[in-house]
Amino acid sequence: MKKNVGIAAAILFLAVTAVSCGIGGKKPEEKGNDFGREKLITVGFSQVGAESDWRNSNSLSMQNAFTQDEGYNLIFKNGQQKQANQITAVRTFIQQGVDYIVLAPVTESGWDFVLQEAKEAEIPVIIVDRMVDVSNKDLYSCWVGSDFELEGKKMASWIKYYTQSIGIDSDDLHIVNIQGTIGSTAQIGRTKGLSEAARENGWDLLAEASGDFTETKGREVMADFLKRYDNINVVYCENDNEAIGAIDAIISAGKHPGPDIRNGDIMVVSFDGVNKEALEYAKEGWISCIAECNPMHGPRVKGLIEMLEVGEVPDKLNYVDERLFSSIENVKTIVVDGVSYNVEGIGDSIQGLIIPKAEIEVDKHVEADILLGNEQFDFYLPLLEGKRTALFTNHTGIIGNDTINEKHILDALIENGVEVTAVFAPEHGFRGTADAGSDVSSSVDEKTGVPILSLYGDGDTKEPSSKDMDTFDVLVIDIQDVGVRYYTYYISMYYMMEACAKAGKKVVVLDRPNPNGFYVDGPILEDEYKSKAGLLPIPVVHGMTLGELARMINGEGWLSTGKNSCDLTVIPCQNYHHEDIVKLTKNPSPNLKTAEAVLLYPSTCYFENTVVSVGRGTDNPFAVFGSPYFEGIESYDYEFTPVSTEGASNPVFEGQVCYGISLQSKKLNEISEEHINLNYLIDAYNYFQEVNTDKSFWGKKDKYGKFWVDYLFGTNKVRLAIEEGQSPEQIKASFTDDIARFKEKRKPYLLYQDAE
Ligand code: GYE
C-alpha cells in the first residue's frame with residue numbers, strides 16, 4: 001500500500017480567528033446571542049498543536065461549534081506543542097478580556113500560576129482533552145475528555161485475549177511502546193494501562209520511547225527499536241499517526257505488520273481511529289486493533305459553556321464513552337475491571353468523522369499561528385516600567401493582529417499602566433490613510449490625548465526633532481512592514497534609532513513577520529541612488545523582519561553614531577519561520593490592499609512614474625498595471641480607469657482608460673515562487689517601443705538626471721539592461737553574487753530559521 005505524499009509549503013494566516021474573512025470582515029459585536037448578551041460570547045481556545053489527525057479533527061470540531069451564527073467568537077491559538085506558547089496564549093486571552101478560556105493542555109503540570117491569573121481575572125476556564133495537574137481544583141470550572149487509562153487497559157485486555165486465542169504464551173510476547181507526548185494525560189494513561197498489564201501477565205516490555213504523537217517520530221522510534229531488538233512481535237502505538245510511521249519502518253526493515261505473530265508478523269495496535277489511512281490499515285490487518293479516542297469535543301465544550309451561562313454548575317469531570325475496533329474476529333468482547341466491552345468491526349469510519357487529508361491540511365494553515373512581539377507582554381512591559389514611553393506605529397499596531405477585538409498597542413500599553421508620551425507616525429500617518437508621499441501633519445490622538453508626531457513631511461521621511469526626543473525615555477516600535485527596500489517604514493525606524501542612539505534612549509522593537517520574508521532578490525542599493533525610497537546597502541527584497549533589520553543596522557554600524565551604538569532590544573515573534581508565507585490581516589498602507597498586491601509589490605512598483613499606471617486609483621493597486629498607450633495590444637486586454645480614492649488622490653491617467661494586465665487572481669503560491677518577476681516591466685517596455693518612440697517609457701528625469709525607476713532598483717544597470725534587450729535571467733545573473741554576499745552578511749542578525 002503506497003504512503004501519502006508530503007505537505008505543500010504552508011500559506012499562513014496571521015490573525016487566526018477562524019471567522020476572519022480576508023481583510024476588514026463584518027464586526028462580530030453587531031450580532032447578539034441567546035443568553036441575553038449584547039455581543040457574541042468570546043472564547044479563547046489554546047490548542048496543543050497540529051501533531052496528529054486527531055488534533056486537527058478536534059480543532060475542526062471546536063471551530064465548527066463556536067461560530068458567529070451560534071453566537072460565538074472563537075480566538076484560536078495554536079501552541080505548537082509548547083507549553084510556553086500556551087501560557088502566553090492564555091495570558092493574551094486574559095489581556096483581551098475573553099468571556100471563557102478553553103485549554104487543551106499539552107502536558108499535565110505547570111499550569112497553576114497562569115490559571116490563578118485567569119481566576120483573578122474572573123474568566124472561567126474549561127479544560128478539554130488532556131488533564132491539568134493543579135494543587136487547587138477550583139482553578140478550572142470543569143473538564144471534558146477521554147479516560148486514557150481505561151483506553152490503555154482496554155487495549156492491553158484485547159492483546160491478552162487475542163494472543164491467548166492464538167495460543168501465544170505470555171512470556172513470548174515481546175512488546176515495544178511508542179509513547180505519546182511525555183507528561184500528557186493521554187500518554188500517562190495509555191502507558192500505565194500497558195505497563196500494569198505487562199507486569200500482571202508477565203509480558204516482556206522491551207522498551208518505551210516517545211513518538212510525540214507524530215508520524216515522523218513514530219517512524220524514527222520504530223526504526224531504532226528494530227535495530228536494537230530482533231524479537232519484537234507487538235508494537236503498542238499511542239496514536240494512529242505513530243502507527244502509520246511505525247508500519248513504514250517495519251516494512252522498510254523487510255518485516256510484515258499483522259496479527260499472525262506465530263508466523264513472524266509484528267502486531268501493531270493503536271489509539272484514535274480518526275485517520276483514514278489507519279482505518280484502511282486496520283481493515284487490512286496491518287493495525288490489529290484500534291482503541292477509539294473521540295475528538296469531537298466542540299459541542300461538548302459548548303454545552304458546558306451554555307450551562308455556565310445560565311448559572312448551572314456542570315460536573316467537574318465529564319468522560320466520553322469510547323469503543324474498541326478490530327477486523328480480527330477472534331475477540332468479540334474484552335473485560336476490564338469486571339466490565340465487559342464489545343469489540344466492533346472496522347467500517348468506513350469510526351466516529352462518522354473521517355476528514356479528508358486536504359481539509360485537514362487547510363486547517364494546518366489556521367494552526368500555524370504566529371505570536372507577534374506585541375502579544376508577549378511579559379517580556380517587554382518590564383522594560384517600560386516607570387519610563388516615559390514613545391511609540392513608532394500606525395494603524396497596523398494591533399495586538400496579535402486580532403481583527404475581532406482590535407486592541408491597538410497604544411491602548412494596550414496605556415491599559416497596562418505605561419506612560420505613553422508620544423506616538424511617532426510614518427508615511428501615510430497614524431491612521432494609515434494619507435496619500436503616498438503626502439505631508440502628514442502632527443496632531444493629537446482623540447481617544448487617548450497622546451500627541452502624534454509626524455515623521456513624514458515635504459514628501460520625505462524626517463528625523464525626529466530634539467524637542468520630540470525630549471518627550472520620552474524608551475521608544476517602542478510596532479509597525480507592519482512588507483520587506484521591500486523602497487517601502488519607507490524602515491527608513492523612519494532608521495532615523496528613530498539614530499536619534500535614540502544620539503540621545504541615549506532605549507529602542508524596543510516588537511517584531512512582526514515579513515510577508516516577503518521567504519526570499520532575497522534584486523540589486524543592492526548603490527550609494528548614488530540613495531533617496532527617500534532607499535537608504536541602506538541591501539537588496540530590493542532583503543527578506544528580513546524589521547527586528548532583524550534593526551539588529552543589522554546596529555551591528556553593521558550603519559548608524560552615524562557607530563556600531564551597536566543603539567541600546568536595542570527586539571522581542572521576536574514565536575512560531576515564525578522565514579519559509580512561511582504570511583497573509584496580513586490589515587492593509588500595511590492605503591495602496592497595498594490585498595495579500596496578492598503585497599507579494600506583487602516587489603515586481604510591479606517599477607511602473608511608478610513611467611508611462612504605465614500601477615493601478616493607483618483602482619481597487620487593487622500593484623496587482624494591475626496598464627496604460628492608455630497600450631490600446632490594441634492583444635495581450636493587454638484588461639481595462640481599468642483610475643479615479644481619485646482615499647490614499648490615492650489624482651492618480652496618474654485619472655479618468656483615462658488604461659489597457660493592461662490584472663494579476664489579482666494569481667495564486668499566492670504562484671506569485672511567491674516567482675520572487676521578483678521582471679517580465680511585466682520588460683514586456684511593457686518592449687510593447688511601448690512598438691507603439692510610441694517619441695516619449696521615454698521611464699517618464700521624466702529628476703534634477704539629478706536620474707529616472708525614478710533607477711532609485712527603485714537602486715542602480716541604473718537594470719534599466720540599461722532592459723533597454724539593451726537583456727532577458728530577466730541575464731539581468732538577475734548580474735546581481736546573484738551580491739545577493740549571496742548579502743545573505744552571508746545578514747546571517748548573524750537573523751532571528752528566525754532562514755528559508756534558503
Ligand atoms: O490521541 C493524539 C493527539 O490528547 C487524545 O493527542 C489526545 C491525543 C491523541 O496528538 O492523536
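Which residues are exposed on the other side of helix 22? They are Asp737, Arg741 and Glu744. Note that the structure shown is a predicted model.

Helix 22 spans residues 736-746, and its buried residues are Ile739, Phe742 and Arg746. Around the axis, these three cover an arc of only 60°, so they sit on the same side of helix 22. An α-helix has 3.6 residues a turn, so residues three or four places apart point the same way.

What lies over the buried residues of helix 22? The cover includes two strands, strand 24 (521-524) and strand 25 (539-541). Helix 15 (546-555) is also part of what covers them.

**Helix 15 and helix 14**

Helix 15 has another partner to look at. Helix 14 (residues 489-503) packs with helix 15 at an angle of about 45°, and their axes are 11 Å apart. That angle makes helix 14 oblique to helix 15. The crossing of helix 14 past helix 15 is right-handed.

Which residues meet there? Helix 14 brings Tyr490, Met493, Tyr494 and Met497. Helix 15 brings Leu546, Leu549, Ala550, Ile553 and Asn554. By class, this contact of helix 14 with helix 15 has eight nonpolar residues, one polar residue and no charged residues.

**Two residues with positive phi**

Asp272 has a positive phi, near 115°, and is a residue other than glycine. His675 also has a positive phi, near 55°, and is likewise a residue other than glycine. Where do they lie? Asp272 is found in strand 10 (residues 267-272). His675 lies in the loop between helix 17 (668-674) and helix 18 (679-691).

Is Asp272 buried or exposed? Asp272 counts as buried because its relative accessibility is 4%, under the 20% cut-off. His675 has a relative accessible area of 22%, so His675 is partly exposed.

**Ser454 in strand 19**

Ser454 lies in strand 19 (residues 451-454). At 6% relative accessibility, Ser454 counts as buried. What does Ser454 touch, leaving aside its neighbours within four places in sequence? Its contacts are Ala425, Val440, Ser441, Ser442 and Lys462.

The table sets out the accessibility values for these single residues.

| Residue | Relative accessibility | Class |
|---|---|---|
| Asp272 | Asp272: 4% | buried |
| His675 | His675: 22% | partly exposed |
| Ser454 | Ser454: 6% | buried |

Definitions and conventions: Residues are numbered from 1 along each chain as its sequence is written. This is a predicted model: local features need pLDDT of at least 70, side-chain atom pairs count only at pLDDT 80 or more; totals for chains, interfaces and linings use all residues. Side-chain values use heavy atoms; hydrogens and water are left out. Buried means under 20% relative accessible area, exposed over 50%, partly exposed in between (1.4 Å probe, protein chains only). Helices (H or I, at least four residues) and strands (E, at least two) are DSSP runs, numbered from the N terminus. The arc is that of the directions from the helix axis to the C-beta atoms. Contact means heavy atoms within 4.5 Å. Axes are lines fitted to C-alpha atoms, for helices over the stretch in contact, and angles run from 0 to 180 degrees between N-to-C directions. Angles under 35 degrees count as roughly parallel, over 145 as roughly antiparallel, 65 to 115 as roughly perpendicular and the rest as oblique. A crossing is left-handed if the near helix is turned anticlockwise from the far one by less than a right angle, and right-handed if clockwise. Ala, Val, Leu, Ile, Met, Phe, Trp, Tyr, Cys and Pro count as nonpolar, Asp, Glu, Lys and Arg as charged, and the others, Gly among them, as polar.
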